[in-house]
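Hi,

Here is the structure I promised to pass on. Have a look at it first, and then read on for what turned up.

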Amino acid sequence: VTVFFRPVEKINAVIETYPKGIAGFRRYLELLGTEPDVADLPDAKPVKHLAGDIRFDAVSFGYNAERPILQDISLDVRSGETIAFVGPSGAGKTTLCSLLPRFYDVTGGAISIDGQNVRDMTLASLRRNIGIVQQDVFLFGGTLRENVAYGRIGASEDEILEALRRASFDKVLETLPEGLDTVIGERGVKLSGGQKQRLAIARIFVKDPPILILDEATSALDTQTERDIQASLEELSRERTTLVIAHRLATIRKADRIVVIDKGRIAEQGTHKDLLSRENSLYRRMHDVQFLEEAEIS
Ligand code: ATP
C-alpha cells in the first residue's frame, strides 16, 4: 500500500488529483527522514499534450535496495486503451502506477510515453499529462470555482461549467446559493462524500489529461450514487489511456485488457474472457472468490 494513493480513512470512493498525493508523499518521506531523489534531469525538456502510448520496458523497482518490489515488467499500452491491474494485496499494482508520473524512478528498465523516456521530460510537463483519481479527495476552503479550476489554473467559466456537467455536479450546483462562487468546506457549504467525488472528477475534466490513473475504491456498495460516479469515471476514461488499479468486477470486465500482477511480476494478461477460460488461472481463482463475496453482500 503506497502512501500517496492510500488514505487514512476510507470513504466509499474518494477521489483526488495528484498534488495532494505528492504532498502526502513528501510528508511521509519527511517522517522517514528521507527526500525523494526524483528531480528534473539537467537537460529535461517540457512536453506538450502527449498521445498517451505508454511502454514499460523491463521495469524493475524497489523502495530500497534490499527488497525488489517490481521485476522485469514489460507492457505496452496503446493510446486510449483501458488496462485493469489486478492481483493480490501487496503485489505491486499501486507501485507500478506511481512510477508513471515519477513519484519514484525505476531502478531498472525504462518507462516511455509516445516513445520518449519519462526521465527526459520535465516533471511538471509530464504530470500535466496525467490525471490521478484516488480514494482521497482534497478540497480547500475556497469557492467551488477555485476548487474546480485547481485542475488547470486559468480554466474559463465555460470550461468549469462543462466539467461540472460532465461530472454530474450540475444538479448540486443549482442548489448552491451563490453558484460557482459558493464557498465550500469547513466555513461554507459542506459537500457530501459523493459530491466531493464529483467535484474531484470535474477537476480532471478541466485538466483534460491524455492519461488517467484510477485507483478504485475497494468497497462494493452498490448504491445509486456509486453507480452514477462509476458512470462519470467511465466517461472520464473514454478517449484517455487509463490505468486502473481495479477492485470492481464491473470495471475489470469492461477493461480492454487485464494485467494480473503477482509478487511484482506480470503473471497473466488478457481480456476477462480469455483469462476466465484458462484452467487454473490466478485470475479465475480471484474472480471466483470476489464473485462469491459480492453475491453475499447483495
Ligand atoms: P493493494 O492491492 O493492497 O493496494 P498493491 O498491489 O497496490 O496492493 P503496493 O501498494 O504497490 O501493492 O505495494 C507493493 C509492496 O511495496 C508492498 O509490500 C508494500 O508494503 C510495499 N510498499 C508500498 N509503498 C511503500 C513505501 N512507500 N515504502 C516502502 N515499501 C512500500
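A definition to begin with: two residues are in contact if their C-beta atoms, placed from the backbone, lie within 7 Å. Please also keep in mind that this is a predicted model.

Let me start with helix α5, which spans residues 157–166. Its buried residues are I160, A163 and L164. Looking down the axis of α5, you will find these buried residues within an arc of 100°, so they line one face of the helix. What covers them? The cover includes three other helices: α4 (144–149), α6 (170–175) and α7 (193–207). After α5 comes S168, and the phi of S168 is positive, near 55°.

D114 is not a glycine, yet its phi is positive, near 50°. You will find D114 in the loop that links β4 (108–113) with β5 (116–117). D114 has 16 C-beta neighbours inside 10 Å, so it counts as partly exposed.

K263 is the other one. Its phi is near 50°, again a positive value in a residue other than glycine. The loop that holds K263 runs between β9 (257–262) and β10 (265–270). K263 counts as partly exposed because it has 14 C-beta neighbours inside 10 Å.

Strands β9 and β10 bring us to the sheet. In which order do its strands lie? The sheet is open and is formed by 6 strands in the order β6-β7-β8-β3-β9-β10, with mixed pairing. Its edge strands are β6 (130–133) and β10, each of which pairs on one side only. On average, neighbouring strands of this sheet are turned by 20° against each other, direction ignored.

Within the sheet, take β7 (residues 211–215) and β8 (residues 241–245): they run parallel and are joined by 5 bridges. I211 is the residue opposite T241 in β8. Helix α8 (residues 224–237) packs on the sheet, where it touches β3 (82–86), β6, β7 and β8. The direction of α8 makes about 150° with that of β7.

Best wishes

Key: Residues numbered from 1 in each chain as written. Predicted model: local features only at pLDDT ≥ 70, side-chain atom pairs only at ≥ 80, totals over all residues. Buried ≥ 20, exposed ≤ 12 C-beta atoms within 10 Å, placed from the backbone. Helix = DSSP H or I, 4+ residues; strand = E, 2+ residues; numbered from the N terminus. Arc of directions from axis to C-beta. Pairing = 2+ DSSP bridges. Axes fitted to C-alpha atoms, helices over the stretch in contact; angles between N-to-C directions.
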